[in-house]
Amino acid sequence: MLDRILLLAFALTLGVGPWSSATAQTSVRLNLDTVPLVEAVDIVRSETGFDIVYAQRLVEGKTASCQYAGTSRRAVLDCVLSGTGLRAERVRRGQYVLIRGERGPSAGRGDVQRVTLSGRVVDQTSGETLPGAHVYLTALRVGTTTNSAGFFAISSLPAGPYNVRISYLGYDTVDTTLIAGPDPARISLLPSTIETEGVTVQEEADKEPENRRLPGMMALSLEQLEQLPSLGEPDLFKALQWTPGIRKSGAVSGGLSVRGADPDQNLYLLDGAPVYHPWHAFSLISTFQTGTLKSTNLYRGAFPAEHGGRLASVLDAQMKDGNRTEPEAVAAISALSARYRIESPITRTTSFMISGRRSYVDKLVGREHPVRDTDTGRLDTLRTGYYFYDLSAKVTSRFNERHRLSVSHYRGRDDLDLRLPFDLSLDFSQWLRPADLFFEVAQSWENRMTSVRHQWLVFDDAFLTTTLFESRYKASEASFVQPTTTATLESDYDVKLRDLGAKLDLDYYASVAHQIRAGVQVSNLDFRSTLESDIRRSARAVDVQADSSDQSSWEVTGYLQDIWQPSPRWTLQPGVRATYFSRGDYFHVRPRLNARYTVHPRYLVLRGGLGMHVQYLHRIRDRYSLAYDLVSSRWVPASERVAPATGTQVSFSGRSQPTRWLTLELSTYARSAEKTLIPADVFVTKDGLEGPGIEVGALLGQYIEADERAFGAELTALAEIGQFDARLGLASGRTYVRGLNRDNALWRAADLDVPYSLRAALSWTGNRWEASVATEARSGYPLTTPVARYRLGDPVETDPTTYLYRPQINNGRLPTYLRLDATVGYRFSFLSAQWKAKLNLYNATNRANIIDRQFAPTDTGVRVDDRRGLPILPLLELEMTL
């Protein structure tokens with residue numbers, strides 16, 4: 001049903017909707033005699049429906065005389081202007097600007113000089129370009145946003161000055177004057193002021209909601225996100241969870257779930273390159289440091305045609321280019337890690353940024369712990385080593401105003417090294433002696449990314465971006481287990497993924513009303529996995545296994561979209577995306593549509609989106625990893641054996657600023673997905689999985705295809721009064737799933753179904769002190785509760801096996817999750833440096849939330865084992881900036 005709605009709406013947008021039909025031709029009669037030109041223009045507006053823009057100085061003191069009867073609306077306007085020394089130039093359909101020079105009998109639209117108003121928006125303090133900044137021509141009521149290079153252009157304008165409003169998240173909105181001409185302007189913004197070359201600052205504009213962003217895009221203010229409570233240090237993914245509908249898939253570990261979707265349905269881009277596992281510390285914190293990023297855009301559901309490959313969301317993050325004006329260094333230490341960031345110009349046109357971070361728990365508790373049995377004198381060594389690190393670097397060179405080259409690199413790794421007694425239920429005192437039964441595991445997972453990007457202003461109205469990238473993900477595990485005195489298990493297991501690609505993106509600023517985006521991307525994906533294991537059941541019974549899996553595929557994508565402003569109130573973004581996936585020989589063409597309608601620039605802005613998406617990669621758990629849920633997942637490409645997942649989403653939202661200090665946004669959505677994968681038996685243990693080796697077919701045998709559907713509503717409120725900042729995010733929605741291999745497949749609550757969630761925060765910022773308190777409340781995740789217990793066994797057996805009867809999946813729910821966090825910070829100067837100390841209290845009330853519940857059969861009943869969330873954690877962070 002959603003597919004049909006989307007196709008119909010897309011067809012309407014392309015040519016049969018109300019905005020594309022011709023305005024009815026009605027008869028117009030004018031009889032004006034020496035009427036002030038201002039009044040005459042107002043009469044023409046009311047009679048023709050034209051939007052006429054002019055400078056006040058052009059019409060002052062002028063009069064109009066006109067006698068006209070007919071149906072030509074343009075002839076009415078020419079008649080009124082006759083003899084005034086002015087003429088009307090068409091900017092876009094139904095909109096005209098008055099300029100000097102009277103139209104002659106043979107004059108046409110092409111006899112006036114048409115120019116492009118273009119430029120770059122940068123941060124004055126660092127020289128960083130500001131992608132996503134809003135540029136708005138107030139008189140013409142038309143605007144655009146800067147691209148990834150901070151560049152903007154508005155074409156086909158009559159030459160002359162234009163009043164322009166420029167705004168960016170974290171900066172005050174200001175009004176300026178720009179001259180349309182052949183040379184792009186360079187505009188430098190400060191958080192509270194604006195200074196430019198060749199630009200006159202007229203006045204600071206009243207603050208109003210950010211209502212001119214492109215449809216489908218949600219820009220995030222990194223400076224504001226860093227002020228929100230976090231787990232020890234600023235973290236992008238923690239901050240994203242302040243957006244209604246976005247939450248962790250687990251209370252502690254797990255990826256991001258967007259509107260109830262599985263974490264593998266999100267695409268993470270860093271400088272145009274995909275990152276496949278952007279998590280550290282068992283998914284506790286993200287690999288994206290907010291201090292290394294200059295912009296972050298989040299697209300949910302119906303994202304534009306330039307993005308694809310996932311069903312739920314796209315996160316597009318851009319790393320900083322490096323400070324172009326002066327060197328800057330930042331160092332910080334938190335409860336989790338220590339980090340640094342250095343930015344500096346190298347030459348007048350080249351700058352760099354480098355940042356590093358490493359955890360230090362292994363340095364505090366030690367990696368190795370020698371133990372000794374006092375009775376026998378036997379020596380052993382326990383190991384508890386774990387650490388993570390990441391490194392980000394970028395070099396950017398600006399050859400001139402038309403060419404810009406950047407090289408980005410990221411590498412992050414987690415390393416776990418354990419040797420512990422096999423029975424972890426023993427108290428800790430039992431660990432401090434040599435163990436006969438034990439397990440040891442050396443585990444690591446890492447991401448590597450390299451991106452080379454060239455940005456070229458080919459013409460004044462055409463901008464070309466070329467990106468080459470390589471992204472790698474690797475997880476490996478070497479394990480040795482001795483569960484009995486005679487049996488051992490030894491294995492080496494690894495998973496590798498490589499994504500090598502190139503893409504071209506063209507921005508063509510065709511006119512005031514049209515900005516065309518087109519692009520093509522070619523990627524080669526390679527998936528490899530190997531396993532070598534020895535299972536020794538006794539001295540003579542040894543099973544040796546050596547398996548490997550190697551798959552590769554080519555993916556070719558092309559897209560075309562138009563950012564179309566047919567009138568000052570409407571912004572439409574129709575597009576189409578075509579993809580070919582060589583493994584399975586799949587070809588899909590999917591339309592996209594986003595729209596914005598401005599009822600009132602401040603009081604009500606409406607947005608809607610419809611999108612159809614295809615995802616060619618499935619992420620499933622691999623049963624051969626010892627630590628089952630840490631790195632035991634693999635990306636499996638679509639093929640003849642498994643179809644790609646497809647999805648459709650419709651969303652609608654309204655944004656309003658009823659007062660100057662309050663901003664409200666209400667969103668609704670509905671989505672569906674087909675051919676996703678879910679476990680065939682959600683209760684099967686790792687030991688119960690069947691099938692030889694690590695061949696993909698054996699893994700897919702443990703899964704079935706499923707359909708998903710979800711719907712919900714989200715409310716966001718932001719109040720800013722003086723030094724206080726209050727936020728509220730409220731979401732209500734349902735997510736359902738059903739397996740397709742059963743005759744009586746029924747819809748059931750999905751594993752990440754959360755009927756309601758609420759997040760609220762109150763922050764105060766003073767000259768030196770700052771404080772905040774935040775709370776999260778949500779429904780508990782679904783839970784499968786057994787309804788009966790039964791026993792099976794042979795009549796001659798004396799000890800039959802006890803089982804739990806669970807006829808329905810997710811028939812219950814965990815208790816409500818509730819947590820309160822608090823933060824206090826202090827800023828000061830010391831030793832020629834700026835310092836910031838912050839204390840975060842995670843779970844300040846020490847509430848023991850139940851985040852998981854297991855049921856185990858016993859001889860007399862059922863034992864319930866609850867897993868609790870983290871207790872109160874005081875986390876201190878200290879940051880120094882030079």
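In helix H4 (residues 73–81), the residues Val76, Leu77, Cys79, Val80 and Leu81 are buried, where buried means under 20% relative accessible area, exposed over 50% and partly exposed in between, with a 1.4 Å probe and protein chains only. Helices (H or I, at least four residues) and strands (E, at least two) are DSSP runs, numbered from the N terminus. The cover over the buried residues of H4 includes strand S1 (28–36), helix H2 (37–48), strand S2 (51–53), strand S3 (63–70), strand S4 (86–92) and strand S5 (95–100). Just after H4, Gly83 has a positive phi of about 85°.

The model is predicted: local features need pLDDT of at least 70 and side-chain atom pairs count only at pLDDT 80 or more, while totals for chains, interfaces and linings use all residues. Residues are numbered from 1 along each chain as its sequence is written, and side-chain values use heavy atoms, with hydrogens and water left out.

The protein has nine helices and 55 strands. Of its 882 residues, 53% count as buried. Among contacts (heavy atoms within 4.5 Å) with a separation of 6 or more, 65% involve residues 24 or more positions apart.

On the surface, Glu490, Asp492, Glu532 and Asp534 gather in a patch of negative charge. Such a patch is made of residues with over 30% relative accessible area and no salt bridge, like charges being joined within 9 Å; a salt bridge is a side-chain nitrogen of Lys or Arg within 4 Å of a carboxyl oxygen of Asp or Glu. Strand S32 (488–509) and strand S33 (514–536) each supply at least two residues of the patch. Asp492 lies in strand S32 and, at 41% relative accessibility, counts as partly exposed.

Technical notes: Patches are made of residues with over 30% relative accessible area and no salt bridge: like charges are joined within 9 Å, nonpolar side chains (Val, Leu, Ile, Met, Phe, Trp, Tyr) within 5 Å. Accessible areas come from the Shrake-Rupley method with a 1.4 Å probe; for residues, only the protein chains shown count as cover. Lys and Arg count as positive and Asp and Glu as negative; His and the chain ends are not counted. The place of a charge is taken as NZ of Lys, CZ of Arg, CG of Asp or CD of Glu.
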